[in-house]
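Try each task before you read its solution.

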There are 2 protein chains.
Amino acid sequence: MAKNKKMVDAITSMDEDFAKWYTDICTKAELIAYTSVKGCMVIRPYGYAIWENIQKNLDGRFKALGHENVCMPMFIPESLLQKEKDHVEGFAPEVAWVTHGGSEKLEDRLCVRPTSETLFCEHYANIVHSYRDLPKLYNQWVSVVRWEKTTRPFLRSREFLWQEGHTIHETAEEAVAETEQMLNVYADFCEQDLAMPVVKGRKTDSDKFAGAEATYAIEALMHDGKALQAGTSHYFGNGFAKAFNIQFTGRDNKLAYPHQTSWGVTTRLIGAIIMTHGDDNGLVLPPAVAPIQAVIIPIQQFKEGVLDKANELYETLKSAGIRVKVDDSEQSPGWKFAEYEMKGVPVRIEIGPKDIENNQCVIVTRHNREKTFCSLENLADTVAEKLEEVRKGIYEKALKNRENKTYRCKTIDEITAALEEKGDGFVKAMWCGEEECEDKVKELTGVGSRCIPFEQENLSDVCVCCGKPAKKMVLWGKAY
Amino acid sequence: MAKNKKMVDAITSMDEDFAKWYTDICTKAELIAYTSVKGCMVIRPYGYAIWENIQKNLDGRFKALGHENVCMPMFIPESLLQKEKDHVEGFAPEVAWVTHGGSEKLEDRLCVRPTSETLFCEHYANIVHSYRDLPKLYNQWVSVVRWEKTTRPFLRSREFLWQEGHTIHETAEEAVAETEQMLNVYADFCEQDLAMPVVKGRKTDSDKFAGAEATYAIEALMHDGKALQAGTSHYFGNGFAKAFNIQFTGRDNKLAYPHQTSWGVTTRLIGAIIMTHGDDNGLVLPPAVAPIQAVIIPIQQFKEGVLDKANELYETLKSAGIRVKVDDSEQSPGWKFAEYEMKGVPVRIEIGPKDIENNQCVIVTRHNREKTFCSLENLADTVAEKLEEVRKGIYEKALKNRENKTYRCKTIDEITAALEEKGDGFVKAMWCGEEECEDKVKELTGVGSRCIPFEQENLSDVCVCCGKPAKKMVLWGKAY
């Protein structure tokens, strides 16, 4: 394989420099390009096609649950942003401000939306009057801006693409159920389709969304042992409704405040895919979102019949609904092998004169580079099986990585020792519930609280930090 | 029908006040809502679903022709915008400026993209090196901002949604062919799917896109006789390439400048649909983009078997790929009739106890309100035929309106007389090619040049204005 590697631009190895490995993949697999707009990037066709597949999958899930898409303005007047106290405190310091339109100076400056709760609330105040108007289950696919100081492609950029769901309900129970439902949708999508194991849990109060009553999140562990928050779902209670004076006439004919939620995932998921599944040969894409699921590479393509056969297989796979490509360019097979490994294509099919004679082809699965000879009979079924094999294989690999890097600790010293011996990872440890201890754990060990997992374990009766009675097991980690 | 009209909020009649009729439809058919962000709007679920259908259709057409989607930043540094002289002159006066990020004042202020030629050029300069890298056929679906003084929903708003195609080619011929091809894609989509007749033509030099060598457009005539530019396609030559120093090594091993195009349609198309097909009862939607193509309204729904039958028909139509809805709410059938007429649903299906006995239903087509009894056998086929009937019917109606309002004139006096007698419309008249005459026609008659149609007619040998030899027949009109 060393031969192949030389043929494409080499990427830094993960072990040598994980951060460099990551940005190498972003640029060399042609997911992004840098621009002169600091902290913003071009999402190139190959990267954008992954996002389109993520969008299509999630959009279908949202709509099946009764959600509708809308589109709010990208600007929020400063006066509107200020209506909810916690919200403005959380977001105002990190927004981009529009102060001039054409040559005219604006009286009320506008921020470019960092998130759209305020706009949705203004709209809900106009359209929600009666319990008959509820619930509204809205979502939008847009980009938002947060003026980050340090930026990295997909993980933290000043502009990023996302979806933001915003719902409004008659009762607190309904809104809580929606918050949980959407967290489950995200978790299921990540585990099933992105083959990425996640921990579901609730954020501690210090880590809640600005203005929320409760924030739930899914947390994934990257290959380097750092944690990545892959999606969040917020329950607002009626706090925003009160701040924006959204009221409805209830079934009892009395005025009441409705209850709200919001939830979102972003292009960050692409970063999570890279750091969960990628290796030193490049990207490894989960089949569900891979722009190309199978690439056909003709061997000795100048020989009679080879290209015809390759195109025949292409048609067979395409009509079976597989996203397939034939590369009949003039590059060598070896170059092509390396190229599509870099791009993370889950399945490679090689077909040459000898294969054709034997009515077979070679199939190589990207994640383990296993090579098998397969009959051309029922090829579409075989490829579908291989794709499923890849999905399961990369999930198992990621799960194993997470298990190897999850440390159950009873004392601060145990945390420090585990991290030192085994490297970064998830730490599970008990907590008394006090913010002081949360801060102290971070200060002493470097790992912050990621969430309070729904699946609790009773590791000890006392807080890992202060020794007082423990209330919850917390998942800790260093976060992207 | 007067009875139905009273049941929903009445809308202003077209003849009484066309502008008011238009905004009534926008709000009462729940396409948009106003916000506190001046000149920006909420696109509500029903309006956004129309846009999603437009997107899906066009995106499929673009991809089938080899285009790929990308995503550029929403910001353009002022220094980048200034690289192409004509372009910056055209756009700088009407952009929104970001001057602060968080609390930090920006050194180079950023405009919110009014269009993205400059960003694409910067990117192309980075990725195009050899003729082997060409063509790049890119598109993006985003929103853009232009600081308009007077705004109207869909037709002219400060933020609007669009797609912008940007392509770069080895030769001028290829780029010209792309420009023409994409204009044809737009025209075909408008005529076939939006059932909206359009005139294809080239803009006069005074009306070109800022920085373009040639701008092509499709022009449609609205119900009130005003013209609406429904899509544009620009040929840039190598002007942008020179300004941004994009060069490639050609087949002859020499450095050369590539040739570029851009092309776009916007949410304005929704405004065009409203003003082409709508009537005093509300929207009339072309089936191809209607969020609901057929609505089933149970009659005497409390009687046994009615709702079951309605749901059975729903399943039949749904599995045939028709976008269908059953309204089993507690509103009266009359209220529902008016409601879905307002929303422009192309086909209404009524089903009651007597219909069920006779194994039939009533089908009403929205555009002409024709009522027919149809057998429940092969209902999906019948509904598909009815949808096609609507498509053809509204196209014919729109074409007839355009024909009735197209005036062929040889003198300025003939133009004035035609507009006075028959009202606003398209004027066809010969032109010498001088900007002075173009301006004078507008000054004297109120109609400006819309385009130089590809389908020329020889109405006279001399310019309608100066009497000198005519070069082209121009299409004139008052524009939205």
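**Exercise 1: two helices in chain B**

Work out how helix H2 (residues 18–28) of chain B and helix H9 (residues 268–277) of chain B pack.

Start with the geometry: H2(B) and H9(B) pack at an angle of about 120°, and their axes are 11 Å apart. (Axes are lines fitted to C-alpha atoms, for helices over the stretch in contact, and angles run from 0 to 180 degrees between N-to-C directions; helices are DSSP runs of H or I with at least four residues, numbered from the N terminus.) That makes the pair oblique, the class left after under 35 degrees (roughly parallel), over 145 (roughly antiparallel) and 65 to 115 (roughly perpendicular).

Next, find who touches whom, with contact meaning heavy atoms within 4.5 Å. H2(B) brings B:Phe18, B:Trp21, B:Tyr22, B:Ile25 and B:Cys26, while H9(B) brings B:Gly271, B:Ile274 and B:Met275.

A word on the ground rules: this is a predicted model, where local features need pLDDT of at least 70, side-chain atom pairs count only at pLDDT 80 or more, and totals for chains, interfaces and linings use all residues. Residues are numbered from 1 along each chain as its sequence is written, chains are lettered from A and ligands numbered from 1 in the order in which they are written, and side-chain values use heavy atoms, leaving out hydrogens and water.

**Exercise 2: how the chains relate**

Find the move that superposes chain B on chain A.

A rotation of 180° with 0.0 Å of shift along its axis does it, at RMSD 0.0 Å (least squares on C-alpha atoms of residues with pLDDT of at least 70 in both copies). That is how a two-fold axis relates copies. In chain B, B:Val98 comes closest to the rotation axis, at 2.1 Å (C-alpha). As for contact residues, 100% of those in chain B recur in chain A.

**Exercise 3: what follows a helix**
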